[in-house]
Amino acid sequence: MGLIELAAAKALASSAVFLFVTLLMMAAAKRISTCIVLFSAQSAIMAAEILAVGYANKSIESYAVAALVIVVKVVGIPYLLFRIVRNLKASQDVASSTTGAQSVFIMAVLILLSFFAVAPYARTLQLDEAMLAAAIALLLAGAFLMVSRKKALMQVIGLLVLENGILLSALTTTFGMPLVIEIGIFFDLLMGVFLMGLFVFRIRDTFEHLDVSKLRRLRG
Amino acid sequence: MTLVFLLLIPLLAALIVLTCKRPRRAVRVAMSAGALEVAAIANAVWRVRAAGMLECGRYLRADGLTAFFLLSVGVILALVLVYSIGYLRHIPAGRFSSPRWFYSLTFVFVFTIMAVYLSANLGMLWICVESTTLASALLVGFYNTKGAVEAGWKYLVVCTVGIAFALFGTIALYLAAFKSGVNPESALDWAALMNAASSLGANRDLIKLSFVFVAVGYGTKIGFVPMHSWLPDAHAEAPTPISALLSAVLLNCAMYALLRFDAITSHAIGSEFSHTLLLIFGGLSVTVAALLMVVQRDLKRLLAYSSIEHMGIVAIGVGIGGPVGLFGALLHTFNHSVAKSLMFFTAGNVRESYDTLRMRRIHGMARSMPWTSAGLVVSSLAIVGMPPFGLFISEFMILTAAFSASRYLIAILLMVSLSIVFGALLHHFQPMLAGKRVSVPAKLKLLPTDFAVMGACAALLVVFGVRIPDAFAYLLQRALVVLQ
């Protein structure tokens, strides 16, 4: 095995740990912009992983997907979100309903849980357990961020983290879906973030705040 | 090419209608595009009926099931577009809430719905279902009031998260196909998966995992009960023609996606697992929605809960399975679409003349707006499943199937819920219709188009209650062949 292959294998093996670190930092983050940077970093790790997989399998499609991840998730969406944050001119606080310490603790528990959840599947399907656990942890973490943070933008970020989890699960189990499908999913994601951004402005203009927990006119 | 036209017409219409600055021209362009689209649908359905299956490239395909649902989209689209002529007179002009924006977004929405039905690939199916959410979120928030913005946001977030689970389920199915040696390029193609279904059975756990996630994901979009929170808000706050489209077309569209997965799962590991899950979701939706209908105060929210109930009935029909159950379920999607459209149309008229949808504030409808009241009476009799309307036939079929399969529990649950719904509608509508003519600002003058639309709905309901047309029954049989 050549040096580059070895490096690729090492990167693939340890990237799950990096992903867990971004998740724990996201749980501790107090400002929305920190979370956006962390999301960008998380996507960059995934892009690196896809490149590693592509290199190992000699697949050109993987390079295309990695390029998509870099364009859309590492640069595009974070840029869009930063623009929204700047134009909103609102407080940057994530408005968490749990304290920082509690959030980190809950995130750690979620990561542990995901290891337990994937253990049987990883064994029968002969897949990398850490990576699969990272995928499930991203899913759960996204859901956790969505329910515990009150700011509308944090819900968007939670959704993006959840989506990252799905991408990673596809990557670890099947080396990614056919390219056309991946492109479609990315397009949907970009449009979704764009639309949610639009709605964030509308919420601000009609309600004069961005706290989604106060959106409770419609009941029953 | 037939299939490409179905996608091209709404897409072009969305662009062209945007250039029409004058409202009247926008309406005219929208109507002609709508007529073209309906004609294209009729053509496609006719050809599928003759040929059995139409394909265009690797990503577009229409078979019997598609044709059946396309027909139902065509009917509802025609009704909704014609109704919107009368409705749009009342939209105040604004930058993003003018007729041209309304029609443009509507055609984008129609485009995504068509794309869902024509996808030959489950991955593309997911992409298209997600796009329907994106395309319709702006329509839900169209009026930009507090309620509309909140409903739009909730719709966007809840459905996107829900649909994300469906993507996870799709990936799990892809993995199962991948593991059982289906060529990765066609491992998401539903026809290829149906052919390879017997070998998929080797990965039993994965298939089960996949179906659970897909049922939760697309179930969010269908409005199954634990995931239904977006539905009443979106239906109540959207402009009325859009409420009708959401209820009569979009919910069916998500149901179609679930049916495709259900067929593959049933072929691979037997129908026991997926059908039990559908029965649970269906039973929950029917009971909870029926109970919540009793306490509603807003007319359109009441109708939205009724949609949840009817989607539950369809899920029960599919869950019981067998030729009769499935036939009833498919027929029910069509009947429900027609009846619910009529209900939303009358609700729209009520709102225009009373300026409110609070049912407690509405009195004396029968005297002050007799035709709309007649529409409301006909549609509510139809929706609770009274003969001689179509829904009686389909509900009766589903119940028959339930009893002959000895599923007594679900049959009794269904009958009890239907009685509760009957009581609830009577409780809500009787005070609205009866009473003296109050000082109604009777500014609403129905156009000939309104009469045509309401008349057509009522006629369809009666025709399907008396005798299902042969051509339609044949199409339904074709659809059943695909599912079994």
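Which residues of H19(B) are buried?

**Figure 1. Buried residues of helix H19 in chain B of a predicted model.** The buried residues of H19(B) are Asp450(B), Val453(B), Met454(B), Cys457(B), Leu460(B), Leu461(B) and Phe464(B). They cover an arc of only 120° around the axis, so they lie on the same side of H19(B). An α-helix has 3.6 residues a turn, so residues three or four places apart point the same way. Helices H3 (64–87), H14 (322–354), H16 (370–383) and H17 (390–404) of chain B pack against the buried residues of H19(B).

**Figure 2. The other face and the length of H19(B).** Pro448(B), Ala459(B) and Val466(B) are exposed, on the face of H19(B) turned away from its buried side. The helix runs over residues 448–466; at 1.5 Å a residue, its 19 residues should span 27 Å, and the end C-alpha atoms are 27 Å apart, which agrees.

**Figure 3. Packing of helices H2 and H6 in chain A.** H2(A), residues 32–57, and H6(A), residues 152–174, pack at an angle of about 10°, with their axes 11 Å apart. The two helices are therefore roughly parallel to each other. Residues making the contact include Phe39(A) and Met46(A) of H2(A) and Ile157(A) and Leu168(A) of H6(A). By class, the residues of this contact are 15 nonpolar, three polar and one charged.

**Figure 4. Contact between chains A and B.** In this view, 31 residues of chain B are in contact with 28 residues of chain A. On the side of chain B that touches chain A, helices H5 (122–140) and H6 (146–179) of chain B each supply at least two residues. The largest share, 18 residues, comes from H6(B). This side of chain B has 19 nonpolar, seven polar and five charged residues.

Conventions:
Residues are numbered from 1 along each chain as its sequence is written. Chains are lettered from A and ligands numbered from 1 in the order in which they are written. This is a predicted model: local features need pLDDT of at least 70, side-chain atom pairs count only at pLDDT 80 or more; totals for chains, interfaces and linings use all residues. Axes are lines fitted to C-alpha atoms, for helices over the stretch in contact, and angles run from 0 to 180 degrees between N-to-C directions. Helices (H or I, at least four residues) and strands (E, at least two) are DSSP runs, numbered from the N terminus. Angles under 35 degrees count as roughly parallel, over 145 as roughly antiparallel, 65 to 115 as roughly perpendicular and the rest as oblique. Two residues are in contact if their C-beta atoms, placed from the backbone, lie within 7 Å. Ala, Val, Leu, Ile, Met, Phe, Trp, Tyr, Cys and Pro count as nonpolar, Asp, Glu, Lys and Arg as charged, and the others, Gly among them, as polar. The expected span of a helix is 1.5 Å times one less than its number of residues. A residue is buried if 20 or more other C-beta atoms lie within 10 Å of its own, exposed if 12 or fewer, and partly exposed in between; C-beta atoms are placed from the backbone. The arc is that of the directions from the helix axis to the C-beta atoms.
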